[in-house]
Amino acid sequence: MCGIVGYVGNEACANILLDGLARLEYRGYDSAGTAIMESGKTGILRAEGKLLNLRKRVDEAKPAGTVGIGHTRWATHGRPSEVNAHPHKYGRVTVVHNGIIENHAELRAELESNGHEFASETDTEIVAHLIDDELRGGKESEDAFRAALKRVRGAYALCVLVDGLDDTIYAARHDAPLILGLSDEANYVASDIPAILSRTRDMVFLEEHDMAVVRRDKVVVKDLEGNEVERETKKILWDAMMAEKGGHKHFMLKEIHEQPRAVTDTIGDRLSPKDADAYIDGFEADPGKIRKLVMVACGTSWHSALVGKFLIEQLARIPVEVDLGSEYRYRDPIVGDSDLILAVSQSGETADTLAALREGRRKGARVLSIVNVVGSTIARESDGVLYTHAGPEIGVASTKAFTTQLVAMVLLGIHLGRRTGTLDHEQAHELITDLMRIPEQMVEVLDHSATINVIARRYATARDFLYLGRGINYPIALEGALKLKEISYIHAEGYPAGEMKHGPIALIDEHMPVVVITPRGSGYEKIVSNLSEVRAREGKVIAIASRGDPDIHDVVDDVIQIPDVRPELQPLLTVLPLQILAYRIADIRGTDVDQPRNLAKSVTVE
Ligand code: M6R
């Protein structure tokens, strides 16, 4: 939710912190701040709103210090304002935090009864008070930090500076991501890889309840008892350029156009046309022994799980349940050691998905995950990981993460289907051949988006949109509606087309654009009948249809064509026009496409 960056080195760090925060702004962007150590004391600069406001303050103040921490906020406790922006300082201690301190109210009451006065409404500020109390009680700073950590409950990624210590950042994590970046010249702390990728590729992923002492020339990771623990340093192969806009107006647009390359990377060398098989490294499960697969995910990743259910049940005939992460753990799910949990997440840090995964594991299930961010918490807590290799996704609205998840689902379907025997050599070979053509067909769709621009201009002022699809394209209707609402703020709903007559048809009049996903395949005739029902009520119909469909033009207002592909692969193409339509409408309306209001890229609180 919030983004953290820290630097200990020999360069003036203000711009290093701001550049890191710019790459973390997708995590939260209602206020931002830095604390930079100068002459043994931290100087704090904060500003409400976008990072630009903070940058102006930093440019005026020109702090020269070489040790500092920065933060970009997505408010949980206390409204977005300068006073609630991080860092928070009390006494000698300055803190930035991502997460929620659940027992903050009781700790605050206790501290207030001991004479502490609080400057903000945040849960974070109590951490500074707790550490400062321990320092006043005579503890060394590292012990004081550890003692405070033992008192807080909830989720935290924390970075702390202590006045007087001009070469040390203390860091800790529990249920919120935090990584360390290592180099010969300086060391770093960050919430996510892109923040420090232009400075180093050597990274350490802190684990639950780790704390770290980060100095210029040395980084030590410890447990909460103060014992040193070994953590592997990983070389990150992403290119720093991948986290830049590369000439595009927005990250979202860049990421939409990266999809052909991204899905090629997901396929990688996992497919063998000769053996008609898909290989999933590090995943060893006997499909014959899987009673059911339980997919847990949120938002767009949940939509890819819904497509995955369709694929895996078709290809491998294994029953699949799909659940929202936020619901799963609270319904006492029936799951056990003959089931496999499949957690799906771009960030690998979504708190609800993580909690669902843990609930499944607690009840004895094995866990596989489909994740983009290497080394993320969900990846680390899984028995096997199918990395999507989409590269960094910065735009808050997920695009390439989605299509690469869909490819991962097809790979998994082939892998399982070949082992359950429900997919024979010839069928698998044909599917693999078709899948390998998808990147070039994606390019074809993306290169012919002129019609979408015209449609976007026509409907950019609509108040509501309806999206309809059937079968494997029903989740694509949900995804199209989610994309539009999150970046354009137009109300949009996705429905299975057959369900329209059971209620949503009441909404249709001449002002309601209805986007229908209707490529050739089973259900085509039925969906065309649904369209007639919309048209009879003067609704405006925009169809996503297969190229060469001779009849569709007669029953709709606008047609966006896609190459004709087999149903299992259609979502990989049908979703592309919907992403572009949402993007164009949002851009015309002038909303903040990459950082839509109230949202955060990675939702690490429940
Ligand atoms: O990182 P995750 O895939 O676990 O994130 C899940 C959702 O928060 C995410 O897909 C969200 O719905 C996006 N904003 C959708 O564009």
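## Two backbone spots

Pro87 is found in the loop between strand E4 (67-73) and strand E5 (88-90); strands here are DSSP runs of E with at least two residues, and helices are runs of H or I with at least four, numbered from the N terminus. The peptide bond joining His86 to Pro87 is cis, with omega at about 0°.

Phi of Asp175 is near 60°, a positive value in a residue other than glycine.

## About the model

This is a predicted model, in which local features need pLDDT of at least 70 and side-chain atom pairs count only at pLDDT 80 or more, while totals for chains, interfaces and linings use all residues. Residues are numbered from 1 along each chain as its sequence is written, and side-chain values use heavy atoms, with hydrogens and water left out.

## Around the ligand

The ligand is surrounded by 14 residues, and the closest are Ser301, Ser345, Ser347, Thr350 and Glu486; a residue counts as near if one of its heavy atoms lies within 4 Å. By class, this shell has four nonpolar, eight polar and two charged residues, where Asp, Glu, Lys and Arg are charged, Ala, Val, Leu, Ile, Met, Phe, Trp, Tyr, Cys and Pro are nonpolar, and the others, Gly among them, are polar.

Which domains each give at least three residues to the shell around the ligand? They are domain 2 (251-438) and domain 3 (450-589), with bounds from an automatic or database domain assignment.

## Contacts and cover

A polar side-chain atom of Glu486 lies 2.4 Å from a ligand oxygen, a backbone N or O atom of Gln346 lies 2.7 Å from one, and a backbone N or O atom of Thr300 lies 3.0 Å from one. Taken alone, the ligand exposes 420 Å², and the protein buries 91% of that (Shrake-Rupley method, 1.4 Å probe). Helix H8 (299-316) and helix H15 (474-488) are the elements that give two or more residues to the shell.

Definitions and conventions
A polar contact is a pair of N or O atoms within 3.5 Å; within protein, one must be able to donate a hydrogen and the other to accept it, and residues adjacent in sequence count only if both atoms are side-chain atoms.
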